[in-house]
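Take a moment with the model before reading on. The text below walks through it step by step.

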Amino acid sequence: MKRLVAAFMLSLLSAQVDALEVFACEPEWGALVTELAGEHAEITVALTAFQDPHRLQARPSLIASTRRADLVVCTGAELEIGWLPLLLRRSGNPNIRAGTPGYFLAADYVRKLEVPTRLDRSQGDIHPQGNPHVHLSPHNITRIARKLTERLAELDPKNAAVYKMRLDDFVERWQGAIDTWEVRAQQLKGLAIVPHHRSFSYLAHWLGLDVIATVEAKPGIPPSGAHLSSLLEKLNNYPPVAVVRTPYANEKPTTWLAERLDKPQLVLPYTIGGHEDATNLFALFEVTLTLLEGLRP
Amino acid sequence: MNHLRKCYVTALCWVGMLHGNFALGATTDPIADLRQEVQELRRAYEARIDALEARIAVAELAATRARTSASEAVEIAEDTAIATTAGSAAANVFNPAIGVVLVARAADIDRRWETIPGFIPSGELGPGKSGFSLGESEVNLKANIDDLFFGNVTLALQDEDGETEIALEEAWFETTGLPAGITVRAGRQFSGLGYLNSFHRHTDDFIDRPLPYQAFLGGQYIADGAQVRWVAPTDLFLEFGAELDWGSGFPASGSDDVSPGAWSLFAHVGGDVGANHAWQAGVSYLSADVQDRGVEDEPGAAPAFTGDSDLIAFDFVWKWAPLGNPTRTNFKLQGEYFRREEKGVFDGIKVDNDQSGWYLQSVWQFMPSWRVGYRHDRAATTNGSIFTGTLLEDADDSPHRDSLMLDWSHSDFSRFRLQYVYDQVLPKSDSQLLLQYIMSVGAHGGHRF
């Protein structure tokens, strides 16, 4: 037993000496930490692109990961309200409590879209602070990268210069990529889409896409047959170029609607790993734009 | 003036002469002449290109400066916008998170039981009454107390024969700032023993608790005391806990002296297998020093037990979801095994009882919103023949039930459930049908594993 305890202590110490242990809720934040910290961070990602960030459970493996974390990087804006507070409390890790430097919520640093004016659950599972799917605007990524670098430097001051250097390098490459994407985006302006959930609002806002409806009647509530029929009727008069969904969304209602409208159903990667080529942040936007360009008439 | 012009002319002559000499040379080598001209041209162009490049560099610098200051301005504007929208100065911003759960049911039950054959009755047992009944409506308040403590209170409102009872179901605080994965909790709390015990009942997959929970823990073991938990810093989830219970409730009924009436130890281990599977298993031990534990509400009237009670419990739960995404379909298999030894005196007779119970249940979400489940639960005693004819007479066939349930959830916050129970707790079987609703208002509950 003594030896076991010693081994635990040792593993704890070595983890702290070698690299920052980072627990990222979503793959996009894992990828961003990789860009900004490189080998100075040991990253665990809670979700995959195939898991709904609203619906995750605080499973034992995640409690074990948060227990060891020096920094938690999540979206916030209540996206993870069902499981993150629970994980943090169950882990017994004081370094990542809300309000400590080890607790970083990306959505705190960007302007949210779709902030509800009426807070009432009859509007569905709404988020009081606004739409939390902030990462699909590359300008938000730049802002968050800056704030996250400050946080990395605060937690690991001896590598602060490294983080700053990596940030400058990242922002330069990122801004270059944004410039080329925005040239391509000219061709996508006004493209009418119907997403399953409001997961692509920031992307649509950035690219000037026209979100004419969502498959869900209310956020977080599976669409009923009646709702789908009335939606179909409405869309028949003003059809979108495609029905769009995330890799984790239930494909049944979107498939049904796309077939009836005789329009393609497009699965956008949404996050890292949502498409086999979407292996990092650059590729995520690259793939997303390429897929959307395929919709052009 | 004339003199000056002369000078010019002379100079021109000189130039002309030189040029003539040069031209003379060129006739001897025209390629060198051409090369010379090309070089001069190049020199001229290079000078112009340098000048242009310098102008471009200046322009670029100006552009970067403009972009930097523009993005800085945007940054500042965004920061201000975020700051002004984030804050709220209302007096109620520090109110705790409030969650209210409304539960009620309608039931068709022919053979109601309140004790399980062979077991000393404790807690609230049985399928309850027929007809419509409001169950426990729950009010939960929770919030951080300060930077070191977190507090939680749950009140249960229950209508008992026309009178509304308020029960303090939970009232505890726990630490949030202790180092090394340690959490200490004190107050009235759901014990960490077993799997199901620490869950609120409205999160259960069936309307009532399984038989071993009813037989051994009175439905739910609520401890008044302190708990220490430690999560190991390992890849595998490892949690160890210990509790001291000073309370006078079940299972240490009546032991109200200074020493704790009960203590328990528990350990949980869990992890993932691939992307589709997650599991957790545990073992728990509960030791109680029992004083006069008898039928509730009938002091003196009913026989009571005094002695030592030792319970060991094993639990496991396994969950499956395609790619770990439970949105469309998912499956859950869960089971627990309890074994208890009670040594002491019951109704003046020396006893050494050995009791056991288990349940196994599975719930399958076959499409969004819809789930179906099956549960088998059982509890058995070996009290011996000396109790024949008394409350503790062993049943011929150990009490057991088979339950089927179907539930529909419109959202995370509303659920309707239909449950059919083939009840064989009593020697004569009973078919029961129950309908329940569970409505959650307010703060978003946690998705516990």
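Which side chain of chain A meets Glu174(B) in a salt bridge? The partner is Arg89(A), with N to O at 3.4 Å. Keep in mind that this is a predicted model. In all, six salt bridges are counted between chain B and chain A.

Now widen the view to the whole contact between the chains. On chain B, 57 residues take part, and they touch 46 residues of chain A. The area buried between the two chains is about 4,400 Å². Carbon and sulfur atoms give 52% of that area. Polar contacts are there too: 21 residue pairs, both members at pLDDT 80 or more.

Chain B itself is built from three helices and 17 strands. Of its 449 residues, 40% count as buried. Take the contacts in chain B between residues at least 6 apart in sequence: 58% of them join residues at least 24 apart.

Next, go inside chain A. In soluble globular proteins, nonpolar side chains tend to be buried together. The largest nonpolar core here has 60 residues. Those with the most contacts inside it are Trp29(A), Leu32(A), Phe170(A), Trp174(A), Trp181(A), Leu207(A) and Leu292(A). Several elements of chain A give two or more residues to this core, including strand S1 (20-24), helix H2 (27-37), helix H7 (201-207) and helix H10 (281-293). The largest share, nine residues, comes from H6(A). Apart from this core lies another, of 30 residues, among them Ala288(B), Val290(B), Phe346(B) and Val351(B).

Follow Trp29(A) for a closer look. Beyond residues up to four places away in sequence, Trp29(A) touches Ala24(A), Val73(A), Cys74(A), Thr75(A), Ala106(A), Val134(A), His135(A), Ile141(A) and Ile144(A). Trp29(A) is also one of the buried residues of H2(A).

Why is H2(A) described as largely enclosed by the rest of the structure? Because 10 of its 11 residues are buried. The buried residues of H2(A) pack against S1, strand S2 (41-45), S3, H5, H6 and H10 of chain A. Just after the helix, Gly38(A) takes a positive phi of about 55°.

Helix H3 (residues 60-68) of chain A is largely enclosed too, because nine of its nine residues are buried. The list includes Leu62(A) and Ile63(A), and also Arg67(A) and Arg68(A).

One last stop is helix H5 (residues 138-155) of chain A, where Thr149(A) is found. Is Thr149(A) buried or exposed? Thr149(A) counts as buried because its relative accessibility is 4%, and the cut-off for buried is under 20%. Leaving aside neighbours within four places in sequence, Thr149(A) is in contact with Leu36(A), Tyr163(A), Lys164(A) and Leu167(A).

Notes:
Residues numbered from 1 in each chain as written. Chains lettered and ligands numbered in written order. Predicted model: local features only at pLDDT ≥ 70, side-chain atom pairs only at ≥ 80, totals over all residues. Heavy atoms only, no water. Contact = heavy atoms within 4.5 Å. Buried area = accessible area lost by both parts, 1.4 Å probe. Salt bridge = Lys/Arg side-chain N within 4 Å of Asp/Glu carboxyl O. Polar contact = N/O pair within 3.5 Å; in protein donor to acceptor, adjacent residues only side chain to side chain. Helix = DSSP H or I, 4+ residues; strand = E, 2+ residues; numbered from the N terminus. Buried < 20%, exposed > 50% of the residue type's maximum accessible area, 1.4 Å probe, protein only. Core = buried A, V, L, I, M, F, W, Y, C linked by side-chain atoms within 4.5 Å.
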